[in-house]
Amino acid sequence: MRHLGIGSVVAAGLTLAFAGVALTEEKGAWGSYQSGDKRSGYTFAQPETRAIQDDDFENPAYLLVDSAAEDWERVEGEAGKACSSCHGDVDSLKGVGARYPVYFEDWGKMINVEQRINYCRTENMKAKPWKWESNELLGMTALVKLQSRGMPMSVSIDGPAKPFYEKGKEFYYQRRGQLDMACSHCHVDNAGSKLRANLLSQGQPNGFPTYRLKWQKVGSLHRRLRGCNRQVRSDPFKAGSDEYVNVELFISRRANGLPVETPSVRN
Ligand code: HEC
Ligand code: HEC
């Protein structure tokens, strides 16, 4: 790996140039979208993109949230239950979106919200799990996390979660792919710089699932991570893999203090 002047890296003949961008950096300028040095992806987004997120009626993610509210009441599976049969109103799950991923004893490892929903489907409802990236799973995940909107992220890494956090941290700082770059090269060292057409954010997870203008669709955090891996020409991991759940734990803990923003809008 060779360094070429300020802010560009060359590996295997490929160049990525980071260009500094002047941002309004007044302390506290971003209100609740900022917590100390932490800044939500919202604060790096274009004003037009932020405006869509600001208006729930404009935000296309609500189409999925609305159908998830119907799924919440729908009896499915051999146990003859709906989510609501056991959980009552969906706002009983307030706080889940701020706390997850959590250590799950039955598995001896971490579980995220998508996985917890599918666990309830297979174990509690005796229904089929929803496919990763299906509208059903994205919508239900968004509906569950929406119950925590505005609450500060408060992910614990105490006790049994600790070794998984350490694995996630290692993943975050590990160079990979043909470009030989770690997550931290883009989202720590170069947050606030431009990479091609994109303004790099801190890569915070507090708005997922998100409606992405580029996808013209709602997408999961793990889909985003696959895209980030591909940007450095590295083979992505499977959505729901231990690698991604552990790095989700690391970045969710890193986001502690930022508000849950689901469903966010990004470009
Ligand atoms: C080559 C640069 C690069 C690398 C390396 C990279 N990303 Fe990204 N990432 C981006 C770009 C570009 C975006 C879209 C703009 C933005 O939010 O930064 C993005 C977006 C994200 C987002 C969404 C932020 C939001 O507010 O919607 C998350 C989360 C994220 N990255 C996590 C990671 C993780 C974890 C890794 C390591 C596995 C990683 N990224 C590696 C370039 C990168
Ligand atoms: C037969 C009862 C039952 C059904 C039906 C059920 N769940 Fe659960 N669910 C549980 C139990 C029990 C827990 C564990 C409670 C705990 O950990 O406090 C749980 C936990 C959860 C949690 C994590 C809560 C937390 O505080 O960590 C989520 C999220 C969840 N369920 C979502 C759903 C969704 C979405 C559905 C419908 C697709 C559903 N559940 C259907 C019984 C059920």
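Me: Where is the place of arginine 233?
Reply: Arginine 233 sits in the loop between H9 and H10. Helices (H or I, at least four residues) and strands (E, at least two) are DSSP runs, numbered from the N terminus. This is a predicted model, in which local features need pLDDT of at least 70, side-chain atom pairs count only at pLDDT 80 or more, and totals for chains, interfaces and linings use all residues. Residues are numbered from 1 along each chain as its sequence is written, while chains are lettered from A and ligands numbered from 1 in the order in which they are written.

Me: Why are H7 and H10 called roughly perpendicular?
Reply: Axes are lines fitted to C-alpha atoms, for helices over the stretch in contact, and angles run from 0 to 180 degrees between N-to-C directions. Under 35 degrees counts as roughly parallel, over 145 as roughly antiparallel, 65 to 115 as roughly perpendicular and the rest as oblique. Helix H7 (residues 162-173) and H10 pack at about 90 degrees, with axes 7 Å apart. The pair is therefore roughly perpendicular.

Me: Which residues of H7 and H10 make the contact?
Reply: Contact here requires C-beta atoms, placed from the backbone, within 7 Å. H7 brings Phe164, Tyr165, Lys167, Gly168, Lys169, Phe171 and Tyr172. H10 brings Glu243, Asn246, Val247, Leu249, Phe250 and Arg253. By class, that contact has seven nonpolar, two polar and four charged residues. Ala, Val, Leu, Ile, Met, Phe, Trp, Tyr, Cys and Pro count as nonpolar, Asp, Glu, Lys and Arg as charged, and the others, Gly among them, as polar.

Me: How do you know that H5 and H6 are roughly perpendicular?
Reply: Their axes cross at roughly 110 degrees and come within 10 Å. That angle falls in the perpendicular range, so H5 and H6 are roughly perpendicular to each other. Val113, Glu114 and Ile117 of H5 meet Leu137, Met140, Thr141, Val144 and Lys145 of H6. The contact divides into five nonpolar, one polar and two charged residues.

Me: Which residues come nearest to ligand 2?
Reply: Near means a C-beta atom, placed from the backbone, within 6 Å. Of the 16 residues around ligand 2, Lys81, Cys83, Cys86, Cys120 and Asn124 come nearest. H5 gives the most to this shell, with six residues.

Me: Which residues come nearest to ligand 1?
Reply: Gly41, Cys183, Cys186, Ser201 and Gly203, out of 25 around ligand 1. Helices H8 (183-187), H9 (221-231) and H10 (242-254) each give two or more residues to the shell. H9 gives the most, with five.

Me: What joins tyrosine 100 and proline 101?
Reply: A cis peptide bond, with omega about 0 degrees.

Terms used. Contact = placed C-beta atoms within 7 Å.
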